[in-house]
Amino acid sequence: MWWSDRRFPGSHAIKRIRAVQFVCSAIIVSFFSSSGFAQSGASYTAQRRIDNITVDGNLTEASWANAVTSVFTLWNGNTAPVALQTSAKMVWDDQYLFIGFDAKDPDVYATYAGRDKNLWEQDNFEVFVTVPGTTGYVEVEGSPAGAIWDGLFTAVFQGPQGSYNLTNLQVAAHVNGTLNNSAAQDIGFTGEMRVPFSEIYRGVSGSHPTNSAQLRLNLYRINWNTPVTQGGPGASGSDTYYAWSPVPGASPSFHQPNRFGTVTFSTNTVPSPTWRFTDHTLSGYELVLSGVGHPGGTYRVLVSTNAALAIADWTRTVTNTFDSDGQFRFTNTIAPGSPELFYRLESP
């Protein structure tokens with residue numbers, strides 16, 4: 001009995017599992033690889049996504065797995081408390097800038113719904129972004145409850161009461177805990193944004209970045225505790241402010257384009273996460289396969305009697321998700337007298 005295990009680069013446009021073989025009474029096949037982002041000095045390099053991103057707030061796509069995490073500070077540059085640590089990742093394609101936020105928060109509070117409420121009065125996550133050399137900038141805010149605030153800052157402020165909505169903008173969040181319940185101990189929330197380059201560039205210097213092109217932006221988070229009377233601003237005096245690129249001053253002020261960080265765009269793709277089978281056991285006719293992928297990611301197990309067949313001709317036996325540690329375990333019953341079998345991991 002033997003197996004071999006290798007890593008393969010991911011596809012430019014889709015998530016795909018290539019084959020690796022594992023031989024015994026069954027032969028097993030797998031795939032995948034890892035990078036992305038920086039923080040010090042408020043600058044980083046954003047790489048292209050490697051799979052389709054569904055904006056649902058979960059950050060479980062392969063593109064997010066190896067986009068490097070950038071940790072926020074308090075608004076003035078001081079170290080943020082561990083219990084409220086905030087981080088972000090970023091990837092892109094020709095149409096959109098994708099930003100993923102991860103916020104620790106033992107008391108998540110957000111009641112506003114819909115569009116263009118005062119999201120800064122409750123827990124939120126934000127991006128401000130501009131094209132270098134221009135004076136205007138776009139602002140997008142999201143809340144753990146899924147609400148959106150978006151605005152365009154030019155010579156005349158636009159934004160409140162829905163006076164300016166970004167076309168094709170998507171924002172979503174996922175709460176790991178119980179929203180609006182201070183008696184419960186939450187872990188925090190994750191947020192996701194898809195910001196159209198057409199709204200960022202607005203006809204200036206093309207419609208999307210090219211290799212080595214730059215944008216100026218900043219990422220923020222505001223934290224509030226749940227108030228006794230819910231529905232409006234968070235508990236008085238509980239608000240704290242966090243920034244990717246610090247905005248020092250007498251008090252928090254996010255509207256400082258001169259403090260924005262610099263994003264450099266690379267046409268390299270984010271390295272693929274490594275997917276592989278790590279072990280197997282065979283007890284009677286029960287074959288148990290285990291392995292690793294990326295936390296929360298969706299995988300499929302395919303089976304075939306011929307490893308040379310096209311993927312479309314393999315049989316799908318299960319679709320499931322890796323656990324929070326990126327592990328999986330799958331049991332397959334093998335019928336008596338079955339021929340030699342090949343197993344493959346595939347991403348949707």
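A residue is called buried when its relative accessible area is under 20%, exposed when that area is over 50% and partly exposed in between, with a 1.4 Å probe and protein chains only. By this scale A65, which is found in helix α1, is partly exposed because its relative accessible area is 29%. The C-alpha atoms of A65 and P271 are separated by 8.8 Å, although the two residues are 206 residues apart along the chain.

The model is predicted, so that local features need pLDDT of at least 70 and side-chain atom pairs count only at pLDDT 80 or more, while totals for chains, interfaces and linings use all residues. Residues are numbered from 1 along each chain as its sequence is written, and side-chain values use heavy atoms, with hydrogens and water left out.

E192 has its place in strand β15, residues 188-196 (helices, H or I, of at least four residues and strands, E, of at least two are DSSP runs, numbered from the N terminus). E192 is buried yet has no salt bridge, and the nearest side chain of opposite charge, R194, is 10 Å away (Lys and Arg count as positive and Asp and Glu as negative, His and the chain ends not being counted; a salt bridge is a side-chain nitrogen of Lys or Arg within 4 Å of a carboxyl oxygen of Asp or Glu). The side chain of E192 does, however, reach backbone nitrogens, as tabulated here.

| Backbone nitrogen | Distance to the side chain of E192 |
|---|---|
| D56 | 3.0 Å |
| G57 | 2.8 Å |

Methods. A polar contact is a pair of N or O atoms within 3.5 Å; within protein, one must be able to donate a hydrogen and the other to accept it, and residues adjacent in sequence count only if both atoms are side-chain atoms.
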